[in-house]
Amino acid sequence: MLQEALFAPQAVARMLANDADAYAALGRSLREQPPAALLTVARGSSDHAAHYMAYLIMARLGRLVTSLPMSVVTLYQSQLVCEGIVSLAFSQSGQSPDLVAPTKFFRAGGARTVAFVNDPASPLAQASQFVFPLHAGAETSVAATKSYIAQLVAGARVVATWSGDDDLLAALQQLPEALERAAHQDWRVAVDVLKDADRLFVIGRGTSLPIAQEAALKFKETCGIQAEAFSGAEVKHGPMALVEEGYPMLVFAPRGPTQASLIALAEDMRGRGARVLLAAPEGTPGAELPLATTGNEDLDPIAAVQSFYPMVEALARARGLNPDQPRHLAKVTKTH
């Protein structure tokens, strides 16, 4: 897991060096035929990457994006209207039937289908009109790392190409260097704080919420911690009742429109007795976990998860667990 996480900057560089024509073709298609609706099709870490892309599309392009409940197609046999739809499927293996079936359904109905997948020969890739390989190389760790980061970058690359945003495109080209810096940030304090934890809140908002969701999943699968991800706004409702003296909380507060509210939330939670680990750019008051910045603030969450992965791998080992062999889990999960 650690080796693959540290390889992510190289994987991203390789991905950015390939498939320029394919990204341009999709961007041109989306501009010339604006979608009536966009759907994401994904599970697990891939679903978190899909949520990140959805935030960027909604914030930058003003198009609503829906996360598809796959059982609507696979189990309920709903005859969804496909006209004008763009389906965006995210997967590492491209093997799961409940990703392949909706993609085939949408394509047969006339929708444009897109797949971001690490295996370009997979059933999901074969079912899709537009295929974007992640170029992450074989990923043997059960816990996805480099492929997740590659999916985040692929989503941002589509948005940059679709919108014609030269600043975002330039920042993407600089991203591998920023990820190298991010991979070597000192997050050891988090290992010390969380090595005996049995529960945890992970907080983000906007483009950092999908990073919080991914972090919570990794805490569960590699460390055996009952971690739950919440929006910085949502946690103030029912979940607040669980916060007591010493309750651990990881808050992701990269640059952007949500940062101020997340920093304020961290301070408020400290006042309630929570043990808050604030991840924010160096120099941010109260930040214990430094975040590297990138050439565009919308890419900063990608650098944040790059810093998180080595820490959670070390945390698993500090808890006496093997992060490379989580119990009950397999690399490829095939659901229907």
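**Group meeting talk: core, strands and charged pairs**

I begin with D47, a residue of helix α3, which spans residues 44-61. Please keep in mind throughout that this is a predicted model.

Leaving aside residues up to four places away in sequence, D47 touches A42 and S67.

Helix α3 also holds A54. With a relative accessible area of 8%, A54 falls under the 20% limit and therefore counts as buried. Between A54 and P123 there are 69 residues in sequence and 24 Å in space, taken from C-alpha to C-alpha.

In soluble globular proteins, nonpolar side chains tend to be buried together. Here the largest nonpolar core has 82 residues, and the members that touch the most others are F116, V202, F219, F252 and F308. Helix α7, residues 146-163, supplies the largest share of this core, with eleven residues. Which residues does F219 touch, not counting those up to four places away in sequence? Its contacts include L194, L200, V202, I225, L250, F308, M311 and L315.

Next, the strands. Strand β9 covers residues 275-281, and six of its seven residues are buried. Strand β8, residues 248-252, pairs with β9 in the parallel sense over five bridges. Within that pairing, M249 has V276 of β9 as its bridge partner.

A280 is one of the residues in β9. Is A280 buried or exposed? Its relative accessible area is 0%, so A280 is buried. Not counting residues up to four places away in sequence, A280 touches A253, A287, L289, P290 and L291. The C-alpha atoms of A280 and R205 are separated by 13 Å, and these residues stand 75 apart along the chain.

A word on the cysteines. A disulfide is a covalent bond between the sulfur atoms of two cysteines. How many disulfides does a search of the whole structure find? The search finds zero. C82 counts as buried at 7% relative accessibility, and C223 counts as buried at 1%.

I close with the charged pairs. Side chains of opposite charge can pair when their charged atoms come close. A search of the whole structure finds twelve salt bridges.

One of them joins E267 to R270, with the closest N and O atoms 3.9 Å apart. Both residues lie in helix α11, residues 259-271, three residues apart, which is about one turn of the helix. E267 is exposed at 51% relative accessible area, while R270 is partly exposed at 26%.

Helix α12, residues 300-318, contains E313 and R317, four residues apart, again about one turn of the helix. These two form a salt bridge whose closest N and O atoms are 2.6 Å apart. E313 is buried, with a relative accessible area of 6%, whereas R317 is partly exposed at 44%. R317 also meets the side chain of D324 in a salt bridge, at 3.3 Å from N to O. D324 is partly exposed, with a relative accessible area of 30%.

Finally, R60, D165 and D298 are linked in a network of salt bridges.

Definitions and conventions:
Residues are numbered from 1 along each chain as its sequence is written. This is a predicted model: local features need pLDDT of at least 70, side-chain atom pairs count only at pLDDT 80 or more; totals for chains, interfaces and linings use all residues. Side-chain values use heavy atoms; hydrogens and water are left out. A nonpolar core is a set of buried Ala, Val, Leu, Ile, Met, Phe, Trp, Tyr and Cys residues joined through side-chain atoms within 4.5 Å. Buried means under 20% relative accessible area, exposed over 50%, partly exposed in between (1.4 Å probe, protein chains only). Helices (H or I, at least four residues) and strands (E, at least two) are DSSP runs, numbered from the N terminus. Contact means heavy atoms within 4.5 Å. A disulfide is a pair of cysteine sulfur atoms within 2.5 Å. Two strands pair if DSSP finds at least two bridges between them. A salt bridge is a side-chain nitrogen of Lys or Arg within 4 Å of a carboxyl oxygen of Asp or Glu.
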